[in-house]
Amino acid sequence: MSVQAAPRDTLVIGIQQEPTSLDPTADATASIDTILTRNVFETLTTADQSGAVQPLLAKSWEISPDGTVYTFKLHEGVTFTDGKPLDASVVKYAFERAMAPDSVNPTKTIFALITAIETPDPLTVVIRLKEPDAYFLSNLAMGDASIVHPDSAATNKTDPVGSGPYKVKGWVRGDRVVLERNDANRLAAQAPLREVSFRVIPDPNTAAAALFSGDIDAFPVIPAPETLEQFKQDKRFVVVSGTTEGEVILALNNAKPPFNDIRVRRAINHLLDRREIIDGAMSGYGTPIGSHFPPHNPAYVDLTGRYPHDVAKAKELLAEAGFPDGFETTLQLPPPPYARRSGEIIREQLAEGGIRVELSNVEFPFWLSEVYKKKLYDMTIIAHVSPRDLNNYIRGLDYFYGYDSADFRAMYDDFRKTVDPAAQSDKLKAMQTKLADDAVHGFLFQLAQAGVYDARLRGYWQNAPELITPLTEMSWAE
């Protein structure tokens, strides 16, 4: 008599960045969405791997001919992990909470056009917009639009209560977040994995060692791209290189001298050598960009030639701006290797133009508080991994860029009202060009999703069109 082993139902995934909270509606840290959205918290819509909008909590919707009224039909019988029902009244509460003046939602702008939310019955939500919004359905797939219950919203940061197929089993700060399947959930039968741990491993060498030793099973965005060749030679692993929505930028504080001078910003752009940065910091994994837009998008326009590497031109612009001998500045670098490794190279590149850069390595909670929220910085390096995030540039002095352009706000407002795809594409190209012309930042490269996976694992996504890791699609080959 033979006893058949039970199929494997646990998974350990490596991530570089620890979540600062377990509430995707309260904080901008990308790893919160990566771990929790669609797994623990759900949204009305979601995305497939191509980025196309798909139903989730909303099983269907209708849009009025003028594009200003969305009528969503919800699935029946949806409950939170504490057993409370998720109905139209809860959706109304979640969005009104996100829209409120005192809301801390990191992307309040996605709700800005909502004028009314109506609930004609428990399974119907009617959302009225002031004007059409080209990205409305897509934005509702973001973790920022997660549906939370009024009874648990205040404590979701540490004790999340969602309606997804998984619930949080434990959070060991600095180490891991562990999810376990919620067997009472309507989608539990579609989830082969019983338990999934997200291990926080920012150090490149430790990440590689953990994979080789079997301590972790997958690392979708490995912090040590120089190790990928080793993994390719090992039949235990599969190396997958896909795309992300992550624009890595040398962010310049446009509201602070000398970066409020376009000549200084343009000089910095002329000093940057993107290929040298990608080769040196990312072992060649990454695509150069010249504006804030992903190269895989059909509306992408290549602006990498706008500021050719030209030290003499940079010095000329700096002299015109009153800095013939350059100036001293600081570059604050959060922990991800793409930031710290790029920072070392950029310091040397800017030195060629006389800009003397002091590097400051900071932990992510500090970066979030001092750079992102308080705007106390000169320069920093960060990957903006949220999709459709040109709206960051309409936030003016309220946002850490300090970029305050009435012209760009008007361009974005015009685009947002546009429903014709061809016209949308033209306007997206114009906005990319405007940001490049204004040299808002040093646009460096598109972050690759260069991942390493156990060869027996199935169902992971090669690309990252949204900040989600759909665990229900993953399983182990028998």
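A polar contact is taken as a pair of N or O atoms within 3.5 Å; within protein, one atom must be able to donate a hydrogen and the other to accept it, and residues adjacent in sequence count only if both atoms are side-chain atoms. In the predicted model, local features need pLDDT of at least 70 and side-chain atom pairs count only at pLDDT 80 or more, whereas totals for chains, interfaces and linings use all residues. Residues are numbered from 1 along each chain as its sequence is written, and side-chain values use heavy atoms, with hydrogens and water left out.

A polar contact of 2.6 Å links the side chains of Asp87 and Ser89. Asp87 is located in the loop between β5 (69-74) and α2 (88-99), where helices (H or I, at least four residues) and strands (E, at least two) are DSSP runs numbered from the N terminus. With a relative accessible area of 22%, Asp87 is partly exposed; buried denotes under 20% relative accessible area, exposed over 50%, and partly exposed the range in between (1.4 Å probe, protein chains only). Not counting residues up to four places away in sequence, Asp87 touches Leu74 and Pro122, contact being defined as heavy atoms within 4.5 Å. Between the C-alpha atoms of Asp87 and Phe212, which lie 125 residues apart along the chain, the separation is 46 Å.

Val91, in helix α2, is buried, with a relative accessible area of 0%. Leu44, Leu74, Leu86, Val125 and Ile147 are touched by Val91 when residues up to four places away in sequence are not counted.

Helix α8 (residues 311-320) has Ala314, Leu317 and Leu318 as its buried residues. Viewed down the axis of α8, these residues fall within an arc of 100° and so line one face of the helix, the arc being that of the directions from the helix axis to the C-beta atoms. An α-helix has 3.6 residues a turn, so residues three or four places apart point the same way. The cover over the buried residues of α8 includes α6 (262-271), β14 (327-333) and β15 (355-361). At the start of α8, a side-chain oxygen of Asp310 comes to within 3.3 Å of the backbone nitrogen of Ala312. Gly322, with a positive phi near 95°, follows α8.

Two helix pairs were examined for packing geometry. Two packed helices are described by the angle between their axes and the distance between the axes. The axes of α6 and α8 come within 8 Å and cross at roughly 165°; axes are lines fitted to C-alpha atoms, for helices over the stretch in contact, and angles run from 0 to 180 degrees between N-to-C directions. The two helices α6 and α8 are therefore roughly antiparallel, given that angles under 35 degrees count as roughly parallel, over 145 as roughly antiparallel, 65 to 115 as roughly perpendicular and the rest as oblique. Their crossing is left-handed, a term applied if the near helix is turned anticlockwise from the far one by less than a right angle, with right-handed applied if clockwise. In this pair, Arg263, Val264, Arg266, Ala267, His270 and Leu271 of α6 meet Val311, Lys313, Ala314, Leu317, Leu318 and Glu320 of α8.

Helix α7 (residues 274-282) packs against helix α9 (residues 337-351) at an angle of about 135°, with the axes 9 Å apart. That angle makes α7 oblique to α9, and the crossing of α7 and α9 is right-handed. Residues Glu276, Ile277, Gly280, Ala281 and Met282 of α7 meet Tyr338, Arg341, Ser342, Ile345, Ile346 and Gln349 of α9. Among these, Ser342 of α9 is buried, with a relative accessible area of 0%. Ser342 touches Ile277, Ala281, Pro337, Ile381 and Phe445, not counting residues up to four places away in sequence.

Several loops show backbone features of note. Pro257 and Pro258 are joined by a cis peptide bond, with omega about 0°, and Pro258 is placed in the loop between β12 (237-252) and α6. Ser283, a residue other than glycine, has a positive phi near 50°. This serine, Ser283, lies in the loop between α7 and β13 (287-288) and is partly exposed, at a relative accessible area of 33%. Lys375, likewise not a glycine, has a positive phi of about 60°. The loop between α10 (364-373) and β16 (379-384) holds Lys375, which is partly exposed with a relative accessible area of 27%.
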